[in-house]
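Work through the exercises below with the structure open. Each task is followed by a solution in steps.

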Amino acid sequence: MLLPCRIHRARNGAASLPLTLLFVASLLALQSGRTWAQATGSTFERVGVGWLPGIPIQITAGGDAGYDDNVTLQPSGEGSIFTRENVVLTYTRPGERTQFFVVGVGRFSQYFDVSGQNETAGNVTLSLTHNFSSRLSFYASVYGTYQSQPNFQSNVGLQNVVSPFFDTVDIFALTYHWLLRFSTVTSYTFERVQYTSSSNGNSQNGVQDTAAQNRIQNTFSEKFQFSLTSRTVLVGEYRFETINYDTAPTDSTTNFVLVGVNHNLTEHLIVHVRGGESFRSLENEGTTASPYFEGTLAYVSSNHSLNWMSSYGYESPTATGATTTKTWRTGLNLTYDLTSRLSSTTGVYYHHDENTGGTGSTGTQDTFDLTLGLRYTINKRFTLHADYNHTTLGSLGTTPGYSRNRYSAGLSYTY
């Protein structure tokens, strides 16, 4: 590992200073806003309009420090100490007819031993549910993220490249109960993936054409649900999906015919399963068929929760030059309260890609991602946390794989 000279260290320190000042200024502004809200609420109560609801906003700010042994995702890793500032804003408005939820995350990361890797990232999630009547309800979910790191929980982005990109997934669904036991769900999902640069890479992994990943994905779905019992719902579903790339000649349309079941095994354990056939038509390459499966298992109790998700089927190719990718993907999230103050989190994600077609990378590739975390609540405001993340990406053709370990610890404060 090459050690940077003092000049490089000084430049990195100078570059991180504005972000630190911005972070402190944001905290002061948020604190003054909170004080204003408290003063306003007290004024309302004094003049006799205490029925006005308080603003349901929660703000958590914190900082982390740690070490990353492979910042640039190369086979021979280049490590660096890093610091990170985080701000999380949550807004919740429950109601009988309308429920509204928003969470926004801002993250600023500075790497001191590797130049050009500092990152400003963030994401926003919005959820809305509105009941027009006892029969008709509407649901919307809007998610947007801007980041540079690969996302191993989905097939968005190249997994061996650090490059800024924007991704949004927006879902709109209308549910209508025709009969006591029969209902339909009509939904539309929009996704956009957009890289800010046309290419990226390094001398060992080669230059990657990130612009080839820019695409728009539209999915229309019609779901038929029949309540067999109070605990079991039978489901039949048809999906139509289109994927249009900005530059890559791999546009496709896919039809899904699925059947499944939603079943409450116990009061705390729920299983959702879908299975069937998918038919994909590729631009200039005809139509192919493949089995499709997806399933989730969720368990929630007083002191721990578990979510397990698995799927198999067509996904948008991320390997350079591949035209078709079939992926088996599985992921598990576990939270466990060890004591009233100490809790643990575990996230495990694995996927196996089968890449075919085209003139580029073909063959199989495996990816494994593990996250471990501990949280200690000092009081209702302050929380200590320590985290570890390990990633292993297998090689594909002439593109080598890599491994990565990140260690960090920090403190957060909730307003």
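**Exercise 1: Salt bridges**

The count of salt bridges comes to 8. The model is a predicted one.

Task: take the side chains of glutamate 237 and arginine 239, and of glutamate 237 and arginine 274, and decide how each pair meets.

Solution. 
- Step 1. Apply the cut-off: a side-chain nitrogen of Lys or Arg must lie within 4 Å of a carboxyl oxygen of Asp or Glu.
- Step 2. Glutamate 237 and arginine 239 meet at 2.8 Å, N to O, in a salt bridge.
- Step 3. Glutamate 237 and arginine 274 meet at 3.8 Å, N to O, again in a salt bridge.
- Step 4. Check burial, which means under 20% relative accessible area. Glutamate 237 has 8% and is buried. Arginine 239 has 13% and is buried. Arginine 274 has 7% and is buried.

**Exercise 2: Another bridge, and a network**

Task: find what links glutamate 241 to arginine 280, then list the residues joined by salt bridges that share partners.

Solution. 
- Step 1. The side chains of glutamate 241 and arginine 280 form a salt bridge of 3.2 Å, N to O.
- Step 2. Glutamate 241 belongs to strand E11 and arginine 280 to strand E13, so the pair ties together parts that are 39 residues apart in sequence.
- Step 3. Glutamate 241 and arginine 280 are both buried.
- Step 4. Now follow the shared partners. Glu237, Arg239, Arg274 and Glu294 are joined into one network.

**Exercise 3: Aromatic pairs**

Task: classify the pair of tyrosine 388 and tyrosine 407, then the pair of tyrosine 413 and tyrosine 415.

Solution. 
- Step 1. Start from the whole structure: a search finds 10 aromatic pairs.
- Step 2. Tyrosine 388 and tyrosine 407 are 5.2 Å apart, centre to centre, with 40° between the planes; the pair is tilted.
- Step 3. Tyrosine 388 is in strand E19 (residues 382-393) and tyrosine 407 in strand E20 (residues 402-414), so the pair ties together parts that are 19 residues apart in sequence.
- Step 4. Tyrosine 388 is partly exposed at 23% relative accessible area. Tyrosine 407 is partly exposed at 41%.
- Step 5. For tyrosine 413 and tyrosine 415, the ring centres are 5.1 Å apart and the planes stand at 85°, so the pair is edge-to-face.
- Step 6. Tyrosine 413 is partly exposed, at 23%. Tyrosine 415 counts as buried, at 14%.
- Step 7. Widen the view: Phe382, Tyr413 and Tyr415 make up one aromatic cluster.

**Exercise 4: A surface patch**

Task: name the residues of the nonpolar patch on the surface and give their accessible area together.

Solution. 
- Step 1. The patch is formed by Tyr376, Ile378, Phe382, Leu384 and Leu411.
- Step 2. Together they have about 400 Å² of accessible area.
- Step 3. Look at one member. Tyrosine 376 sits in strand E18 (residues 363-377).
- Step 4. Patch members need over 30% relative accessible area. Tyrosine 376 has 37% and is partly exposed.

**Exercise 5: Confidence**

Task: state the mean pLDDT of the protein and examine residues 1-53 and residues 202-206.

Solution. 
- Step 1. The mean pLDDT is 85, and 83% of the residues reach 70 or more.
- Step 2. Residues 1-53 have pLDDT below 50; this stretch has 34 contacts beyond near neighbours in sequence.
- Step 3. Residues 202-206 also have pLDDT below 50, with 15 contacts beyond near neighbours in sequence.

Notes: Residues numbered from 1 in each chain as written. Predicted model: local features only at pLDDT ≥ 70, side-chain atom pairs only at ≥ 80, totals over all residues. Heavy atoms only, no water. Patch = residues over 30% accessible without salt bridge, like charges linked within 9 Å, V, L, I, M, F, W, Y side chains within 5 Å. Areas by Shrake-Rupley, 256 points an atom, 1.4 Å probe, with all protein chains shown as cover. Helix = DSSP H or I, 4+ residues; strand = E, 2+ residues; numbered from the N terminus. Buried < 20%, exposed > 50% of the residue type's maximum accessible area, 1.4 Å probe, protein only. Phe/Tyr/Trp six-rings, centres within 6.5 Å; stacked < 30°, edge-to-face > 60°. pLDDT = per-residue confidence, 0-100. Contact = heavy atoms within 4.5 Å.
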